[in-house]
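Me: I'm new to this one. Can you walk me through it?

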Amino acid sequence: MSTLRPKDSDAVLGALRRVRQESGLPIVFAGDADGETAKLTRFIGARTNSMQGLAVAKGRGLGGHVMVSGRAAAVRDYEDCAGITRHYADAVEQEGLRAIISVPVMVSGVARTVLYGSARVATQLGDQVARTFNTVAAELATEFKVRDEVDRRLRMADLAAAEHGVGLESTDREQIRMLHGELRAIAAELGDPALRERLLAAGSALAGVGRTADADDGPVQGTPVLSPREVDVLSQVALGCSNAEVAARLALSPETIKAYLRNIGAKLGTRSRMESVARARLLGVLP
């Protein structure tokens, strides 16, 4: 990530200040999410530390519910609500929260942040509060997407530099690489094994386009064998996708993507995502 990039935490804090001012709720808070959990770290108006650092798991509690649904949800009285699990009831009750709204900030189909607002009395929060939170969440999602695209372009520049470092020619193969990544992403979604194999074969053929005669037969002898799924993951990384974006495109979890990248690094003897992509291209695994 670029050291020039503004901190995402600053954007989240700005969003919290705005929803508190516009909604009039006495307490607002947020948690950074990775698709599986949201860790609550930012609060405005809290009276206790009971929820500080609380890790809200996907599917549990109100925040976990919205991470699954991808949509805002609210409860009139947290102490008397049968529609959500009670995993975090003690922490919530210590803070004295009753009516709560929770809104996920969705980026590439994954919750990046979860915003909350609450009143310390049981009440219907109303449509205006919901509109305020939904509007701010949508704007924050757009901000994250812009930042992600900047990061993607920076990663692509890093990949080009890494290629040069391992001796590859710096020719423009961007279109081929985008097609290769897209073919593998589409193949991962198919239920027809025969069609999936045809797409994978077409993607593999693209990896050899423009290579020298010595490389036309595929990966060089002694190349560590990557599994098809590992190639799927690395092909998306090669397009500058973040772990969350790769996970969304391949219908996997971000943690699974991290595990694949660790395995790829071990097989290729590389220490970073960029090195892995550059090494795979040098070996003919990727275009």
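Me: Which strands does helix H2 lie across?
Reply: This is a predicted model, to begin with. In it, H2 (residues 61-69) lies across E1, E2, E3, E4, E5 and E6. The helix runs at about 35° to E5, which covers 99-107.

Me: And what does H1 lie across?
Reply: H1, residues 8-23, lies across E1, E2 and E6 (110-119). Its angle to E2 is about 60°.

Me: In what order do the six strands sit in the sheet?
Reply: The order is E3-E2-E1-E6-E5-E4. The sheet is open, and the pairing is antiparallel.

Me: Which strands stand at the edges?
Reply: E3 (55-57) and E4 (73-75). Each has a single partner strand, so one side of each has no neighbour in the sheet. From one strand to the next, the twist averages 25°.

Me: How many bridges link E1 and E2?
Reply: Six, in the antiparallel sense. E1 spans residues 27-33 and E2 spans residues 37-44. Ala30 stands opposite Arg42 of E2.

Me: New topic. At what angle do H9 and H10 pack?
Reply: About 55°, with the axes 10 Å apart. H9 is therefore oblique to H10. H9 is residues 254-268, and H10 is residues 273-282.

Me: Is that crossing left-handed or right-handed?
Reply: The crossing of H9 and H10 is left-handed.

Me: Which residues make the contact?
Reply: H9 brings Leu261, Ile264, Gly265 and Leu268. H10 brings Arg273, Ser276, Arg279 and Ala280.

Me: How do the residues of that contact divide?
Reply: Between H9 and H10, four are nonpolar, two polar and two charged.

Key: Residues numbered from 1 in each chain as written. Predicted model: local features only at pLDDT ≥ 70, side-chain atom pairs only at ≥ 80, totals over all residues. Heavy atoms only, no water. Pairing = 2+ DSSP bridges. Helix = DSSP H or I, 4+ residues; strand = E, 2+ residues; numbered from the N terminus. Axes fitted to C-alpha atoms, helices over the stretch in contact; angles between N-to-C directions. Contact = heavy atoms within 4.5 Å. Parallel < 35°, antiparallel > 145°, perpendicular 65-115°, else oblique. Left-handed = near helix turned anticlockwise from the far one by under 90°. Nonpolar A, V, L, I, M, F, W, Y, C, P; charged D, E, K, R; others polar.
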